[in-house]
Amino acid sequence: MGSGIGSARGTMPEAPTSPNYQLDEASEELLIRRVQDGEHEAFYELIRPYQRRVYAAAFAITRNDAEAEDVAQETMLRAFKKLRQFRAESRFSTWLIQIAVNEARMRNRRARMSMVEPIVEQQDAEGNYIPRDFADWREIPSETLERREIREKLAEALASLGEIYRDVFVLRDMQHMSIEETAKALGISTASVKTRLLRARLMLRDLLAPGFGGAWSTRLQFAKGTKPW
Amino acid sequence: MVVNCEQVWQEISNYLEGDVEPNLRAAMDAHFQECKRCNAVLQGTQNVIQLFGDERMIDVPLGFEHRLHRRLEENIHPSRRRFLGWMVAATAAVLAAGSFEVARSSVSKRAEPRSEHAQSGAGVPPDMMVVVSEEGKLFHASGCPFIHDKAHLRSLIAREAIKEGYTPCARCMKKYLEADLNRAVDDLAG
């Protein structure tokens with residue numbers, strides 16, 4: 001697991017990467033037209049609100065800092081080169097994330113091909129998922145995510161999911177894409193998205209509830225190398 | 001309509017999406033009132049979505065935007081990039097020559113840089129807290145993702161790190177190094 005999610009990183013002094021930087025739809029359309037008409041400098045402004053999201057999507061899938069950064073760079077380059085082909089049938093952000101996801105998944109596949117180990121969990125599990133833990137986990141203090149060890153636990157849990165579940169969860173619950181957008185980005189049906197999303201959410205809850213319900217001083221089950229499913 | 005625990009678990013995700021029929025929702029609501037275990041699953045699943053949906057879950061690395069724009073610049077305006085690269089190289093050569101003269105005339109005792117590729121740390125605020133590892137050659141801002149030996153770090157001020165022969169990380173200290181370079185260019189021009 002890369003150190004990206006849980007690492008204690010310095011705060012970037014680069015305000016435009018802030019998640020709060022937003023463009024309204026009209027401004028975005030105008031910027032797209034300007035770039036399409038040859039005003040290349042406008043591209044930087046166009047992508048600013050999404051730089052962080054593209055990196056986050058890439059990191060959640062590749063789980064590697066350097067790889068995620070490279071994917072983010074490649075995504076933006078491809079977006080620039082293909083912007084003339086962009087049609088406003090989907091949101092610009094969705095289009096960008098889709099490029100990032102495809103690039104990240106392709107790299108994962110390439111990495112797997114070079115490994116001797118067999119590929120596991122590439123198919124939907126059959127049968128219903130039964131929760132295994134019923135620890136009471138009610139409240140999340142607002143400062144929870146400020147704690148590095150908590151972010152590390154969350155990252156570990158996410159990394160332990162099978163790829164098909166993690167990809168859906170990343171797009172839907174971390175990138176906030178719709179079920180339909182997620183299905184389109186991954187090339188699967190909306191029914192499959194829903195099934196995998198349910199499983200991903202329940203698995204993550206099973207992994208995390210004991211820690212949040214009790215103390216983080218004890219290691220979680222999955223950290224011992226055994227998955228509870 | 002009445003639902004059992006297993007039915008609730010299979011629909012809990014759709015329930016949270018607002019994607020269940022009103023009858024089923026009412027039945028699940030009633031079930032959650034009575035069933036402590038299903039209520040725990042519901043609360044926990046909500047928490048999972050809330051936590052992972054938070055922007056703070058993933059931080060971009062220090063210098064990410066700078067490197068991204070540089071890569072774009074190289075591809076979008078390659079000729080400009082080549083010119084900038086030439087300027088930086090020329091300035092670096094001038095600085096290296098100048099540094100050599102300064103080092104030669106200096107009487108202060110400073111450890112030799114740990115790397116032959118080291119850059120001067122002159123632009124880094126001397127009282128800034130930085131971290132070093134015993135086996136490393138560079139000093140970093142705390143949290144820099146390019147620290148290699150994270151298990152054996154210690155903090156100290158930049159001035160002390162430079163005295164010990166450490167040199168600035170070109171990534172996390174980039175803004176200081178560039179500011180130093182710009183000042184040198186201004187001095188030469190001026």
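Please bear in mind throughout that the model is predicted.

Let me begin with the interface. On one side, 52 residues of chain A make contact, and on the other, 42 residues of chain B. Which helices of chain A supply at least two residues each to the side that touches chain B? They are α3 (51-62), α4 (65-82), α6 (148-159), α7 (163-174) and α9 (190-213). The greatest contribution to this side of chain A comes from α9(A), which provides ten residues. Sorted by class, the side of chain A that touches chain B comprises 30 nonpolar residues, twelve charged residues and ten polar residues.

I turn now to chain B itself. Chain B contains seven helices and four strands. Read from the N terminus, the order of elements in chain B is α-α-α-α-α-β-β-β-α-β-α. Chain B has 190 residues, of which 27% count as buried.

Helix α3 of chain B spans residues 36-52, a total of 17 residues. From first C-alpha to last, α3(B) reaches 24 Å, which is close to the 24 Å expected at 1.5 Å a residue. Several residues of α3(B) are buried, including Cys38(B), Val41(B), Leu42(B), Val48(B), Ile49(B), Leu51(B) and Phe52(B). Gly44(B), Thr45(B) and Asn47(B) are also among the buried residues of this helix.

As a reminder, most residues other than glycine have a negative phi. Arg63(A), however, has a phi near 60 degrees, a positive value. This arginine sits in the loop between α3 and α4 of chain A. Is Arg63(A) buried or exposed? Arg63(A) is buried, because 20 other C-beta atoms lie within 10 Å, and 20 or more is the cut-off for that class.

The second residue is His176(A), whose phi is likewise positive and near 60 degrees. His176(A) is located in the loop between α7 and α8 (179-186) of chain A. His176(A) counts as partly exposed, because it has 13 C-beta neighbours inside 10 Å; that class lies between the limit of 12 or fewer for exposed residues and that of 20 or more for buried ones.

Notes:
Residues are numbered from 1 along each chain as its sequence is written. Chains are lettered from A and ligands numbered from 1 in the order in which they are written. This is a predicted model: local features need pLDDT of at least 70, side-chain atom pairs count only at pLDDT 80 or more; totals for chains, interfaces and linings use all residues. Two residues are in contact if their C-beta atoms, placed from the backbone, lie within 7 Å. Ala, Val, Leu, Ile, Met, Phe, Trp, Tyr, Cys and Pro count as nonpolar, Asp, Glu, Lys and Arg as charged, and the others, Gly among them, as polar. The expected span of a helix is 1.5 Å times one less than its number of residues.
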